[in-house]
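Please read this briefing alongside the sequence and the model. It is written for someone meeting them for the first time.

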Amino acid sequence: MASPPRIVFTEDSLRPKVRGLSDKINTGVRAIMEFQAPQCQNYMRENAPWDDQTGNARNGLFAKAYSSGGGGRGRDSAGRFTSGSTASHGIVLYGSVPYQIWLEVRFSGRYAIIVPTVERKAPDVMRMVNKLLARL
Amino acid sequence: MDWGTWLKSTLDGSADVTDDVPTEFIFGAGAVEKVPAHFPFIEIKVGSANRGPFPGAVERVSTIWVHDEPGDYSLIDAVIENVKTALSGVQREAGTGEEGGVCCRWIGDSQELADDGYHTITRNTSFQLNGKDWDA
């Protein structure tokens, strides 16, 4: 009688790839944030709905990408794989003139640009992140 | 019908909302020409359209601003809770008359703010709207 079919794994290709996944995700998401930050800044400066007096408010609109955490990956004292700390990525939109808050709030936000930019650009950012995750 | 009109008619239809804010003091965006004679009052803003979750649909963010005379935010807080009750989870089936499908999901509330244009204290609450692009 023939022995039942069996599969013998002689090489572990899965675990190294899984271990490298978080690095790939963090690198990709960081690149997306760095790509989208100037897009957000340009959108704010082009679409700020006020008439310029000095140009300070418009030129004082910035978008900065940031990334933090994600380190510490390795093995614990029992030799088990650890994924490290949770990484955080984002884009901060801000205005550098002291009266920016009043532009955002005055007349129910008639002159607001930061929150409308978040509403407009956040779906673009998330679409790119979803495409990245679908590829990995 | 547009999103702003739909939001106003939905709030007009809520007795809890209109007990504090009569319908003539629930305004669309830009409809407040001078500071209203009644406090609190509501101003409805509807953001620009983003691609929706399925073909033919768009996604917009609406911000409902509730204003009151400077002092205590408790009446604003109460109105915001009633607005959230009136709008959160509102869903209409697709293809029913002019409205088509509508899905309204609460996103979040602002902190306590002051509007130096209307000389009021204010907070806002935001909703994500999905449905037919009436405003296109």
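Predicted model: local features only at pLDDT ≥ 70, side-chain atom pairs only at ≥ 80, totals over all residues.

Residues are numbered from 1 along each chain as its sequence is written, chains are lettered from A and ligands numbered from 1 in the order in which they are written, and side-chain values use heavy atoms, with hydrogens and water left out.

**Nonpolar cores**

- A nonpolar core is a set of buried Ala, Val, Leu, Ile, Met, Phe, Trp, Tyr and Cys residues joined through side-chain atoms within 4.5 Å, where buried means under 20% relative accessible area, exposed over 50% and partly exposed in between (1.4 Å probe, protein chains only).
- The largest nonpolar core has 30 residues, and those touching the most other members are Trp6(B), Leu11(B), Ile42(B), Ile64(B), Val83(B) and Leu87(B).
- The largest share of this core, six residues, comes from α3(B); helices (H or I, at least four residues) and strands (E, at least two) are DSSP runs, numbered from the N terminus.
- Apart from this core lies another, of 13 residues, which includes Ala37(A), Ala57(A), Leu93(A) and Ile114(A).

**Helix α3 of chain B**

- The buried residues of α3(B) are Ile76(B), Val79(B), Ile80(B), Val83(B), Lys84(B), Ala86(B) and Leu87(B).
- They lie on the same side of α3(B), because they cover an arc of only 160° around the axis, the arc being that of the directions from the helix axis to the C-beta atoms.
- These buried residues pack against α1, α2, β2, β4, β6 and β8 of chain B, contact meaning heavy atoms within 4.5 Å.

**Aromatic pairs**

- Over all chains there are eight aromatic pairs; rings of Phe, Tyr and Trp (its six-membered ring) pair if their centres lie within 6.5 Å, and planes under 30 degrees apart count as stacked, over 60 as edge-to-face and the rest as tilted.
- Phe107(A) and Tyr118(B) form an edge-to-face pair, at 5.1 Å centre to centre and 75° between the planes, and this pair crosses between chains.
- Phe27(B) and Phe41(B) have ring centres 6.1 Å apart and planes at 85°, so the pair is edge-to-face.

**Cysteines**

- There are zero disulfides over all chains, a disulfide being a pair of cysteine sulfur atoms within 2.5 Å.
- The sulfur of Cys103(B) is 7.4 Å from the closest cysteine sulfur, in Cys104(B), which is too far for a bond.
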